[in-house]
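User: I'd like to work through this structure by question and answer. Please keep it brisk.

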Amino acid sequence: MKTTPVTEDDIARSVWAVPPVSLEPDGTHLNGPENAKLAAHIEAGGVSTLLYGGNANIYAMTHGTYSDLLDAIPDWAGADTWAIPSAGPDFGKLRDQAAMLARTRFPAAMLLPMTGPSSPQGTEAAIRDFADRAGMAAILYLRSDQMLLPDQIGALVDDGTVVAVKYAVETGDFTRDPYLDRMLSVVPRPRVVSGIGEIAAVPHLRSFGLASFTAGAVCIAPRRAMAVLAALKDRAVARATALTGPIQPLEDLRNEHGAIAVIHDAVTLSGVADMGAMTPHLSHVPDHVKDQIAAAVAPLLEQESDLTEPA
Ligand SMILES: N[C@@H](CC=O)C(=O)O
């Protein structure tokens, strides 16, 4: 697992896979072999960045599960993989988790987006406090244009507190985004990745020149996601768009029934690895939706062997 400081090349070299985490039926113990199996499947498709964040439902982890997760990720990730744990979202969790992260060798951790009461000034204070105590760079997960002012983000990046931004603000039109325009006037583009999956990545990377993208479907179809990234880097937008077509049925189900719950069950139903229990406040999708998910993921997995082998 990579332990050196994060560079712009690290940010751009791969799609950032956002895997679910496999839990035993009690919902608190990690299933090591199944998590390792999922990481190996993603890496075999050429992906070298694993972000344990929203889809891992870190929001719901007990202190003990979180501590076990930090110990286990280096065993699951390959030697060259950049693995990123997340923390938060609220200040109390950030304080507790920063102390645990300070004892690890991860070069950076992502802060989960705060949805409770907050102000931009308070959010900046929480980010700075976290990075100081954890002794590592922070990655921002921006889901709202109210979280921080662009100049605050610019200052956090300038002084090295923030090393990258996962940009997931939904404007209704991924090609027009005045807030992103303002942010990119003070934050270097190579530090910003699109944070909404393969389909949004096409307009985001084409229109704003972002460095890479995060995704959930990549956990099932890593070669496809890497081919989307390669096409976008070649400015082959039609090729990138065509490659995302087969992902649409799964993403439609995620939009309808919950992005985290559906990707968790989709990985299990694909046969790639058994993700096990889903922790409250989330729940497994109903059986009739499972049939639809299975139908959406089967072709994605089958078509992986038709796509170029990773170099
Ligand atoms: N939300 C996206 C990217 C992850 O953060 C996904 O799951 O596809």
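This is a predicted model: local features need pLDDT of at least 70, side-chain atom pairs count only at pLDDT 80 or more; totals for chains, interfaces and linings use all residues.

User: Which residues of helix 13 are buried?

Analyst: Buried means under 20% relative accessible area, exposed over 50%, and partly exposed in between (1.4 Å probe, protein chains only). The cover over the buried residues of helix 13 includes helix 9 (222–233), helix 11 (248–257) and helix 12 (259–270). The buried residues are V289, I293, A296, V297 and L300.

User: Is helix 3 roughly parallel or roughly antiparallel to helix 4?

Analyst: Axes are lines fitted to C-alpha atoms, for helices over the stretch in contact, and angles run from 0 to 180 degrees between N-to-C directions. Angles under 35 degrees count as roughly parallel, over 145 as roughly antiparallel, 65 to 115 as roughly perpendicular and the rest as oblique. The axes of helix 3 (residues 63–76) and helix 4 (residues 91–101) come within 10 Å and cross at roughly 30 degrees. Helix 3 is therefore, relative to helix 4, roughly parallel.

User: Which residues of helix 4 does helix 3 meet?

Analyst: Contact means heavy atoms within 4.5 Å. From helix 3 come H63, Y66, S67 and L70. In helix 4 they meet D96, Q97, M100 and L101.

User: How are helix 8 and helix 10 oriented to each other, roughly parallel or roughly antiparallel?

Analyst: Helix 8 (residues 198–208) and helix 10 (residues 237–244) have axes 9 Å apart. They pack at an angle of about 165 degrees. So the two helices are roughly antiparallel.

User: Which residues of helix 10 make the contact with helix 8?

Analyst: Helix 8 supplies E198, I199, V202 and R206. Helix 10 supplies V237, A240, T241 and T244.

User: Does T81 count as buried or exposed?

Analyst: T81 sits in the loop between helix 3 and strand 3 (82–87). Beyond neighbours within four places in sequence, T81 contacts M1, K2, R13, E43, S48 and L50. Its relative accessibility is 4%, so T81 counts as buried.

Key. Residues are numbered from 1 along each chain as its sequence is written. Side-chain values use heavy atoms; hydrogens and water are left out. Helices (H or I, at least four residues) and strands (E, at least two) are DSSP runs, numbered from the N terminus.
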